[in-house]
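Hello,

Here is the structure we talked about handing over. My notes on it follow below.

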Amino acid sequence: MTHPLGDIEELVAGRPLPILSIPEQDALREELRDVIEYRKSGLSLNWIVGCPLNCGYCVRHLFDNYEMKLPRALMTDDEAAKLLLGHRYFQPHITPIQLLNRATDPMLPRVKPHTLNMLRLLDEQQLTNHVLVITRWRIEPEDCAILNSFTNIRVTVLVTNSGIDHPAIEPVDSNVAAKSLRTAFEHAKRYRVIHYWRPIVPGLNDSDDHLRRGLELSHHAHATVFTGLFYKAQIQAYFKDHGLPEPYDEGPRRKILPEMLEGRILTAARAFGVGSPLFRKTSCAVTYAHGVADYNGHFGIRELCDICPVAQLQRCEAAWHRRSERDVDEFARQLGGQLVEINDRAIVVSGLPEPPRYLMQHSLGYQVHDVARPHQLNHHGRADLGWPTIKETQ
Ligand code: SF4
């Protein structure tokens with residue numbers, strides 16, 4: 001089946017990124033060679049690595065890949081699509097997909113043709129899965145025309161904007177993302193647009209003026225997600241080594257958004273007003289924007305929902321079912337773990353790493369937690385840092 005927009009072909013023609021040689025690929029960390037990772041927001045496909053944007057808090061610090069500035073492919077688009085569709089955890093119409101969210105920006109000029117081509121390849125399979133594309137780079141009206149042309153997949157474009165104006169932490173001018181957000185929202189017909197307001201960091205971008213500007217941008221999106229910083233040890237070390245202002249004294253496993261900061265954001269939203277609803281969780285915003293229930297079952301963590309629009313609450317409530325212990329235990333055992341308990345908030349399992357836990361979560365629409373990593377009440381799955389209770393369980 002040929003896609004109605006033949007010009008994607010033209011866009012791709014003659015411009016494939018060079019594919020890294022086998023020795024070059026061997027030199028990459030194993031996590032980067034493994035192009036599919038199952039994350040909370042879905043199966044993440046990362047067949048291109050390398051980015052010149054130099055965000056100081058980039059997750060590539062965790063993979064020793066920060067110095068690779070030129071994007072390079074690990075395989076062709078067709079090979080990557082085949083890997084994704086053949087992945088043992090991929091379920092047509094169910095598994096959310098994320099494209100190029102780990103080691104490059106999907107809208108960089110040499111990367112964008114591959115991103116759009118991958119969307120076309122998935123759309124041609126007549127899949128209705130959610131597909132998330134997260135960018136802080138440029139989105140042009142002609143990109144929007146292509147994004148609107150997909151008739152099966154549910155595309156969400158998440159435009160990352162932090163408003164951080166420290167040039168050594170975020171060299172790219174925040175106005176680039178602000179303009180992309182406006183363009184993407186103005187032209188959106190079939191796809192949806194999220195203002196991805198992150199990372200919000202005390203002392204860096206949380207002044208009243210920053211908050212007001214962030215809230216202003218919520219008018220140019222179907223939904224807004226606000227969240228904090230991943231400040232793992234490698235990122236902490238980068239901040240230290242480069243003399244950057246260190247926002248926290250420690251580097252926990254989860255994202256940090258102190259309680260007081262969250263309170264200030266919500267107060268500012270009431271004071272200045274918001275254009276699109278605010279969400280704490282990415283999947284909540286994505287699903288709200290498409291008018292469906294949250295695929296991560298956050299409805300069980302009821303305190304997350306106190307800022308959610310009523311119509312969405314009703315959708316999530318209708319879709320949220322507690323399954324029988326027998327069925328869930330069998331599911332967990334098939335994956336190599338076992339059920340500990342099902343409570344009103346989550347299924348608790350033991351012996352399962354993240355990928356099979358997310359498979360269960362996305363299949364059942366119910367939170368699935370590891371008994372060894374308890375979530376604290378009211379912390380919304382974030383680090384304990386900045387919340388007045390006990391320390392996070394590592
Ligand atoms: S109702 Fe709760 S779970 Fe559903 S989208 Fe809203 S915040 Fe998320």
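**Helix contacts, sheets and a few local features**

In α4, Asp-77, Asp-78, Ala-80, Ala-81, Leu-84 and Leu-85 meet His-114, Asn-117, Met-118, Leu-121 and Leu-122 of α5. Contact here means heavy atoms within 4.5 Å. By class, the α4 contact with α5 has seven nonpolar, two polar and two charged residues. The classes are: Ala, Val, Leu, Ile, Met, Phe, Trp, Tyr, Cys and Pro as nonpolar; Asp, Glu, Lys and Arg as charged; the others, Gly among them, as polar.

Some ground rules. This is a predicted model, where local features need pLDDT of at least 70 and side-chain atom pairs count only at pLDDT 80 or more, while totals for chains, interfaces and linings use all residues. Residues are numbered from 1 along each chain as its sequence is written, and side-chain values use heavy atoms, with hydrogens and water left out. Helices (H or I, at least four residues) and strands (E, at least two) are DSSP runs, numbered from the N terminus.

Back to the helix pair. The axes of α4 (residues 77–85) and α5 (residues 112–124) come within 10 Å and cross at roughly 45°. That makes α4 oblique to α5. Axes are lines fitted to C-alpha atoms, for helices over the stretch in contact, and angles run from 0 to 180 degrees between N-to-C directions. Under 35 degrees counts as roughly parallel, over 145 as roughly antiparallel, 65 to 115 as roughly perpendicular, and the rest as oblique.

**Sheets**

An open sheet of eight strands runs β1-β2-β5-β6-β7-β8-β9-β10, with mixed pairing. Two strands pair if DSSP finds at least two bridges between them. β1 (36–39) and β10 (278–279) stand at the edges with a single partner strand each, so one side of each is left without a neighbour in the sheet. β8 and β9 (residues 223–226) pair in the parallel sense over four bridges. Tyr-196 has Val-225 as its bridge partner in β9.

Three strands form another open sheet, in the order β11-β12-β13, and the pairing is mixed. Its edges are β11 (338–342) and β13 (368–370), each with a single partner strand. The twist averages 35° from one strand to the next. β12 (residues 347–350) and β13 run parallel, joined by three bridges. Val-349 has Asp-370 as its bridge partner in β13.

Two helices go with this sheet. α14 (residues 354–364) packs on the sheet and touches β12 and β13, its direction making about 160° with that of β13. α13 (residues 325–334) lies across β11 and β12, running at about 145° to β11.

**Salt bridges and local geometry**

The whole structure has 20 salt bridges. The criterion is a side-chain nitrogen of Lys or Arg within 4 Å of a carboxyl oxygen of Asp or Glu. Asp-206 forms one with Arg-264, with the closest N and O atoms 3.2 Å apart. Asp-206 is in the loop between β8 (192–197) and α8 (208–217) and Arg-264 is in α10 (residues 259–272), so the pair ties together parts that are 58 residues apart in sequence.

Most residues other than glycine have a negative phi, and most peptide bonds are trans. Two exceptions to check. Arg-198 and Pro-199 are joined by a cis peptide bond, with omega about -15°. Pro-199 is in the loop between β8 and α8. Asn-54 is not a glycine, yet has a positive phi of about 60°. Asn-54 sits in the loop between β3 (48–49) and β4 (72–73).

Best wishes
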